[in-house]
Amino acid sequence: MADFAYAYARPSALTHSAKGNVLALAAYAEDAPAGGTACFFSGGLANSWLAARGLTTLAKVVASRFVPQSAALRDPIVTAGAGLLRFEAFSSCNGVYARLDLGPDALEGEFLASGTTNVDFNEPMVNALARVSRTEPVLLRVGEQEVVLERAAGTVTERKVSLPERWIKGLTAVQGYLAEMEERLTLTKTQATQLLQGLPAGALRGDYFLLLRGPRPSFVPVASAGAVRVGGAHRLRLLDGLLPLCESLRVYATPDGQASAFVLAMGGGHEFVLALSAEVNRGFSGEGNQLDTLLDELPAEWITGANNLFRGNETFNPTLFALENDLAPDVVDRLCASLSAMGLLGFDLASNQYFYRRLPFKLERILKLNPRLKNARALLEATDDVQLVGVGAGGRTEVRVRGTDVWHTVLVGGAEPPRCTCQWFTGNQGQRGPCKHILAAQLRFGAA
Amino acid sequence: MSAAAETFEQLIRHNTAAELVPFLLALDKKDVLPVRTRARSLSSELDKHEQQPNGQLRRPMQPRQSLMLFLAGLATYSQKEALSGWFSNGHHLSHNVGQLTEQADQLHIWTILRHARPSWLTTWFLRNHRNNPWTNPDFDTLQALMAEGLLEDVPELLAYATAQSLYLLGSDVDKARTLAEQRTKGRKTDHLHTIEWNNLSARWSALAAGEPLPPTWDLLLAELRGNDALLHRGLPLLFAHDTAVDSTSTYDRTIKPFRSIAWLDVLPELARSGHLDRAELLTNCLLALRRDFRRPLLTWFKELFLSLQPTPDERLARQADLTELLAHPLAQVVNFALDQLKDLWLLPGFEVATLLLYIDNLLTRPDLKTGLKSLFASFDRLLKASPALAPTLAPRYATALAHPDAGVQERAAKSLTALLGAKKPLLDAAATADIVVTLQELGELLSTPARALLVPWLAAAPAPSVAQEAYAPRAGFVPDISEATAIAPVADWHELLFLTGQALKPDQPAEQERWLDGLLRLRGQYPADYVAQLRPYLLQAFPWLLKGKTEAETANILRKMDYGRRAGQRDFLQAMLVGWHGGFAQPQVVRTRLDAQHQLYPDPLLGLARQRLLAAEARLAPGAGPLPLLSTPTHQPFWVAPTALVAKLLAYETAGQEPDPADLTLALSRLAWNAPADAATARQQLASLQNPGLRELLAWLLAPSDATPPLPPLKPTDESLLKKATSRFTQWVSGETPAPPTLAEALPWLWAVAARTRAPQVSWPELATLADYPGLAEPWQPGWYMDVKTHTINQSYNKEQPEYIYQTHELTVPTAEPAAPPSPLLLYSLHARLPQKDHSYIWPLLEDPNFLLSLVPNNPAPLHWHLLRSAFSTSEGYSEEQALLTKQLHASLADGPVYEEPATVLLAVGLLYSKPAARALAWEVLLAAADTGRLVPVALGTALGRLLAGTYAPVLRLADALPAARGISPTTDDALRQLLEALLPELPAEPLRNTAKLLAAYADLRPGAGKPMPAVVQERLQTWQSVGSLKKAVTTLLA
């Protein structure tokens, strides 16, 4: 699959002038308004030092990798809307998601348009961000007011960045996990400062569990009641520059412990979210936590309608949305999963709301970015690749699904979770979403 | 076929670059693609190594062809071809290859570059740089490419090339000297050396004139001073990019010993001579320190700053930059900044208010200790100069009392005490009240020294926790044999099928036991197509053999299956799977072998496990009666309920079958003999058992736990019978003779197993009649000691030191001369006299530790001794040892009897191990054991003390973790106190480094003891009282 290519008219830069410092983030919006790339925001930063610290940490996340991997990218996505600027990024290995939210209190400027764009985080700009001092005023401009995308060989600085598809796949999985999460711990400023103290040095294999022992936050390698599972906990060291600056820290986790999130309330409308996948070698892009929800295709016009509505509203609470529109909760879940499968929805833990990203509405991305679902549908296209063996007690259905060189036994339906004899299921036991064989069986014979 | 391509090929094969260049310059646009394609195919052909008749490999590409294909690539390649592997390696723009390229050829490269202007050059260089920075051009070449617009201005490349330039320069100087020397001596030089000489002498005219080069240091400085672009464009980039500047160096080989020359030597010298701006260097260092660069690079910036020896005025002028460093996540940077600021506080022009903004985020940072103490000293000086600052500083001292380090707390408390107790009050009543409230809120977080200082203001604060509950190890352990812990058997075919995948994973004994049980119990319920359904799991087990094979091919492969020589439990189970796939018509487990491979030896317990599976496979064979295994656990984690065992034995008698001795041995070792209710029921059922020997044995083993009956007299074994039996057993385990011994033959050994299952540490003189072997009459308790081993390495190449001698301190478990056990059923004796020299047992321990431990839940001590001996002689193991330790520690987390000695020593090893993750896990085991009563703190403290005294590990590894373990519960505190009271007397009179930290932890735990300090501890403390670093702590403790 080809990557999406983004081109910037010029590099982002922190420039110094007599009028003050200007942080101009070069943008490339895939879903750009007609007439060129818009300027989404222009104005001052209420606490430029704190914002710079957040952006620097975001750059650090993007540059990080926790498994051997190719070169890093440095280009976060920024979404302007509902009075906030949200900078989002993944680590190169896709197992860490980070978001810096700059709320109304953090911004002193004007939202000229709502939109989502990639912003160029180049090395000189990261360097300049590190040099912003506490008392230094900085103006922020996301996008450019006069941009003409053209290539004049050798004269205009233009940089193309390949945005991996796994970023959009990752966004799908992350919002799914964030929406499921529950708040598990709240740490004070002092406790937040001490968060990493008990973390053993080096890269940690296996799970660690965060708990409060007396007043001290402790990471321990053994599960216990009330402890929060944190896979690859050493990845939290990405936060070491921000933890002493935060006012409080909230820890969230999914009920099944497959992802955790750390929300740093930085004060003054600054909030930083760091979400971790279950294990270091599990990128969010490989999680299939939304596949069950995507199984039943919704009519395209429903998805289009929801997209138009959310695009206008910019944020919404799924429960209230269901009540207001007299929709069953599972329909809302499926709508959200379909939209997020295109990267269109994110989730804000603080407000318990989805927020909208203005990315292209491309229904074909749902299948393209979910290869397991695509492969399951491909299995159904052949006449005899998915065969019913029988239906047992409680609707438990036994199916044979063609695999590579073998036929897999698949059980779906009934009260128990589905099962398959394939390697993926044996290795993951359903924790990373169903395999293509289970999906194919469910598509043909029903999930319930 | 393109004529241009043909011409091109001829040129490459037979001509030179000089003839190729006009061809490429005149190449028509339509011919670019055919020439590009031909260039690729020729590159591929010429780059391929060919085997010569003499067997050697040769690459046909000649240097001239390599250059010509490079030129063709520059002229015709698109980005796709340019980024292919060959084109990026050793290209002629890189410094090393360029140095060996004739000047005329270098001109050819530039001619083609100027003509073709490849648009991918920047991308290509960046890609090369990220893959292998050594392939990139040097700084001057990059500058020249950028100057001509051939390359975009990429600071990243320039920065790296700048850092590298010192090494390249030094390397060129060395080459020049070597070649000049060769020429002086009249030695012949090859073609490449001639080119190199020409290039170097074109650079340094002295060479061409036959004059000696100046000293390297002078030459380097002269070269750098003469390179304006490098000085003013390149060097500033070093402060904005992550480069190798910190590790780049060269050598001056004209003086002996060789002098290393690094950027840290060069840059201050350039500043001294005015070629670099000193002020700019100082500022750049501080700006670079703000970044989250690698730690060594940050250290380098710090050292550069210090090497410039900035004056107070220079630092004062940069107070904003220095202050900004206080927000850095790395303690080394913050400490550096605090150190640079400390003598500026009282200078006019210093902005204290700005500094305090940053300070607030430091006061509880656990990674800052010395820096904070230094900060408080600065606060004190400031307060002395400006008492009006007291209301500003007092809350900050109070905040710092929440710091986890006792030393920082004490220092903050000292300053706060001085402030609160000043003769002339410095705070008003309201401010003082606020501070007192803060102190009371801190409660138990305060360390003993801080608390002692703040006593006058803590009167209303809650008293420190007093250990009301003294810790005592549990007296006995009763396994939970109830519905709550019962293991549900596999319910149906589907569960069995899907469990197969789990059972075949390594070291999953619980799933494996259920699977085995399911295989036997559900034999009549396999569906007709079960073989086809098993096939995915066969493929998962043997992908390298079965992938892409048809059914017939699969069957053929499985018929001749070879499981290798060094088998383990997983291999046995994979063999069972293959057997199952074949309907158990052809036994497979017997094909597995437990042989040594190189110096890796199998665990002897695996012999029993294998024999048990042989028995299971025989019961699954067509026509056999599928009776269940006796040793299948019935209750978690691996207990066999007495009633279940008796019921199965009765079923065997009903079926007229004799139990397998290996299976029965393991059933005895897993028997929950001391589960009172179930054992009582089982005793009643024993009357129905027909076999008198078994009945007597089980009646003895299941007798009430409070009154162990004496062993019956066991008949002395006839020497010849013993020898015969031993021989048969050996054959039996090795698989040579599949027929197992009879129950009657095995019964004496089963008595020995039963005795050590019920009373592992007791002397059983009655067993002496069976044989004289560890684990029979006396338990195998080898003990341990720290041994100093001297190692000598011969290094004949080093004339000054032909022998390198060093010592290691190793944990040693003494082992008697190797001797085979009298029976392989004696599972508590099997490890006792295993050969040690050149024998390694770590692999089976690593692959199956949980399984092996699951076999001996009543008496794991012999296996623990073996583990200790085989893997933990030092605390600096490789990842294998760490993995093994982790598994062992995880296994220790479960509830069970009090830790025996080797388990305690293993825990001590964990607490001192080099890997922090292993230590963290060991602490959890300690805390869990203190909770369940398994911990024997005195034994653990003694073991830790002996290990530390024997320099098994530094004290800091233990001492650093103690503060975090304090205050979890009064019982845990008491256990830790007991531990330290056993540990301290074991330490040497000459105190080890960081003993003070142990004393600090002990001081925190002492107040809750409720009893006087033991005399041995007092005695040890008194010997340390004269040591300066310990005097204060000891005096406080002894007061």
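A:Tyr208 stands opposite A:Val230, a residue of strand E16 of chain A. This is a predicted model, in which local features need pLDDT of at least 70, side-chain atom pairs count only at pLDDT 80 or more, and totals for chains, interfaces and linings use all residues. Residues are numbered from 1 along each chain as its sequence is written, and chains are lettered from A and ligands numbered from 1 in the order in which they are written.

**Chain A as a whole**

The secondary structure of chain A comes to 12 helices and 26 strands. Helices (H or I, at least four residues) and strands (E, at least two) are DSSP runs, numbered from the N terminus. Chain A has 448 residues, and 53% of them count as buried. A residue is buried if 20 or more other C-beta atoms lie within 10 Å of its own, exposed if 12 or fewer, and partly exposed in between, with C-beta atoms placed from the backbone. Of the contacts in chain A with a separation of 6 or more, 70% are between residues 24 or more positions apart. Two residues are in contact if their C-beta atoms, placed from the backbone, lie within 7 Å.

The mean pLDDT of chain A is 83, and 85% of its residues score at least 70. Here pLDDT is the predictor's confidence in each residue, from 0 to 100. Over residues 1-5 of chain A the pLDDT stays under 50, and the model has 10 contacts beyond four places in sequence for them. Residues 145-160 of chain A also have a pLDDT below 50, and this stretch has 21 contacts in the model beyond near neighbours in sequence.

Strands of a sheet pair through backbone hydrogen bonds, either parallel or antiparallel. Two strands count as paired if DSSP finds at least two bridges between them.

One open sheet of chain A has 3 strands in the order E15-E14-E16, with antiparallel pairing. Its edge strands are E15 (216-220) and E16 (228-231) of chain A, and each pairs on one side only. From one strand to the next, the twist averages 30 degrees. Axes are lines fitted to C-alpha atoms, for helices over the stretch in contact, and angles run from 0 to 180 degrees between N-to-C directions. A:Phe209 has A:Val220 in E15(A) as its bridge partner. E14(A) and E15(A) form a hairpin with 2 residues between them, and A:Gly214 in the turn has a positive phi of about 60 degrees.

Another open sheet of chain A has 4 strands in the order E23-E24-E25-E26, again with antiparallel pairing. Strands E23 (386-391) and E26 (419-420) of chain A stand at the edges with a single partner strand each, so one side of each is left without a neighbour in the sheet. A:Leu411 has A:Arg419 in E26(A) as its bridge partner. Helix H12 (residues 436-445) of chain A lies across E23, E24 (397-402), E25 and E26 of chain A, and runs at about 55 degrees to E25(A).

| Strand pair | Sense | Bridges |
|---|---|---|
| E14(A) and E15(A) | antiparallel | 5 bridges |
| E14(A) and E16(A) | antiparallel | 4 bridges |
| E25(A) and E26(A) | antiparallel | 2 bridges |

**Helices of chain B**

Helix H1 (residues 3-14) of chain B has 12 residues and reaches 16 Å from its first C-alpha to its last, close to the 16 Å expected at 1.5 Å a residue. The expected span is 1.5 Å times one less than the number of residues in the helix. B:Phe8, B:Leu11 and B:Ile12 are buried in H1(B). Seen down the axis of H1(B), the buried residues fall within an arc of 95 degrees, so they line one face of the helix. The arc is that of the directions from the helix axis to the C-beta atoms. These buried residues pack against helices H2 (17-25), H3 (32-47) and H4 (63-76) of chain B. The face of H1(B) turned away from its buried side carries the exposed residues B:Ala3, B:Gln10, B:Arg13 and B:His14.

B:Asp47 is found in helix H3 of chain B. B:Asp47 is partly exposed, because 16 other C-beta atoms lie within 10 Å.
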